[in-house]
Amino acid sequence: MTPDRWAHPTALAPLEGVGQPWLRELLAEKGGIGLVCAPFLSIGQVPLVASRIERQVVKVPGHPLSAQLLGTHPRHLADAAAALARAGADVVDLNLGCPAKHAVSRGAGSGLLADPDLVLRLMVRLREVVPCALSAKMRLGLGDTESALGVAEAVAAAGADFVTVHPRRQKDYYAGRAHWRHIREIASRLPIPVVGNGDAWYAKDAIRMMEETGCAAVMIGRPALRNPWIFSQIEALRQGRQPVRPCGADLVEWLEAAARKLEAGLRMQRGVTGHLKELVSYLGRAVEDGGAFRTAALRSSSVEQILALAKERVGPLPAERLDLQADGHLGFEVSGRVGD
């Protein structure tokens, strides 16, 4: 299941910590998503039971699923990868990009970027047991970018079907701007497709990334939390149609749908409220009110209070007052760039 076979040249990123099945389904309902990615499954020195591994494979109907692994133990990674493939994953992905210190300290995630030879060995082992598509999602390096091309070439040499490149270093976390020129450089050197990722905050950015870097598809994470319509807008631009222009009532409806999904899946009211606040922390960034709604909602103590605030403060707003249009007309977010 390579990018050329996806229904759309887009992918919903793994979204560690928030990418539960209900959210993946809700985002996919808006249309325009080619591949849906599940958050990584951490593989340590103790093997996981197959049933736990297989629970990662929760598909959105009609959408191929990528299941991601994080770890460095060859045999345990291979066993987990084989279990994911048996459970129906369309893509098995090795995480080479997690910047968290707990992952890097044990040589996993971005920590693997320092050792292209180990990346090659791990990917070869995965290729031996994975009959479905195989990929890796990588950053550029730990403190510099010198190993980036070597890591990407190792992924390709191992027989991977594609690689996703997030053009930041581990030490950058999500600060600064993503330098898309690295996506272009890697895409120009590899025999396999490259998926670009990073700072495509608006639909027009995704189109520009593909045009200026030559990447085969665009993976979007945080921008989809901020604008659930971004994938449908990308597809509309590709087809020469007018993209949707969400208004305040649309945003309220989205929050209400998210609350219903959460309440159906979680028993603890506090858990539902916390998850909804996490969505608001992104959605509120698109509201032209100086952060007032976002701040008030994050101080709320219940789902009912959050939704009431949304109806009162966001519901009446026209599309022009929300930074959710395909062209980023308000320009609240800083997009990636090709040149330095």
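Okay, so a pocket here means an open set of grid points with protein on both sides within 12 Å along at least five of seven lines. Keep that in mind, and keep in mind too that this is a predicted model.

Let's start with the largest pocket. Its volume comes out at about 620 Å³. Who sits around it? There are 31 lining residues, and the ones nearest the centre are L15, E16, K137, Y174 and R222. By type, the lining splits into 16 nonpolar, 9 polar and 6 charged residues.

Which elements each supply at least two residues of that lining? Those are strand β9, at 217–220, then helix α9, at 222–226, and helix α12, at 269–283. The largest share is from α9, with 3 residues.

On to the second largest pocket, with a volume of about 170 Å³. The lining here divides into 7 nonpolar, 4 polar and 3 charged.

Now, away from the pockets, a helix pair. Helix α3, residues 74–86, packs with helix α5, residues 116–129, at an angle of about 35°, and the axes are 9 Å apart. Is that crossing left-handed or right-handed? Right-handed.

If you want to click through the contact on screen, the α3 side has P74, L77, A78, A81 and A82, and they meet L122, R125, L126 and V129 from α5. Of those contact residues, 8 are nonpolar, none is polar and 1 is charged.

Conventions
Residues are numbered from 1 along each chain as its sequence is written. This is a predicted model: local features need pLDDT of at least 70, side-chain atom pairs count only at pLDDT 80 or more; totals for chains, interfaces and linings use all residues. Side-chain values use heavy atoms; hydrogens and water are left out. Axes are lines fitted to C-alpha atoms, for helices over the stretch in contact, and angles run from 0 to 180 degrees between N-to-C directions. Helices (H or I, at least four residues) and strands (E, at least two) are DSSP runs, numbered from the N terminus. A crossing is left-handed if the near helix is turned anticlockwise from the far one by less than a right angle, and right-handed if clockwise. Contact means heavy atoms within 4.5 Å. Ala, Val, Leu, Ile, Met, Phe, Trp, Tyr, Cys and Pro count as nonpolar, Asp, Glu, Lys and Arg as charged, and the others, Gly among them, as polar. On a 1 Å grid over the protein atoms alone, a cavity is a set of points where a 1.4 Å probe fits but cannot get out, and a pocket is an open set with protein on both sides within 12 Å along at least five of seven lines; lining residues have an atom within 4 Å of a point. Grid points are joined across faces, edges and corners, and a volume is the space filled by probe spheres set on the points.
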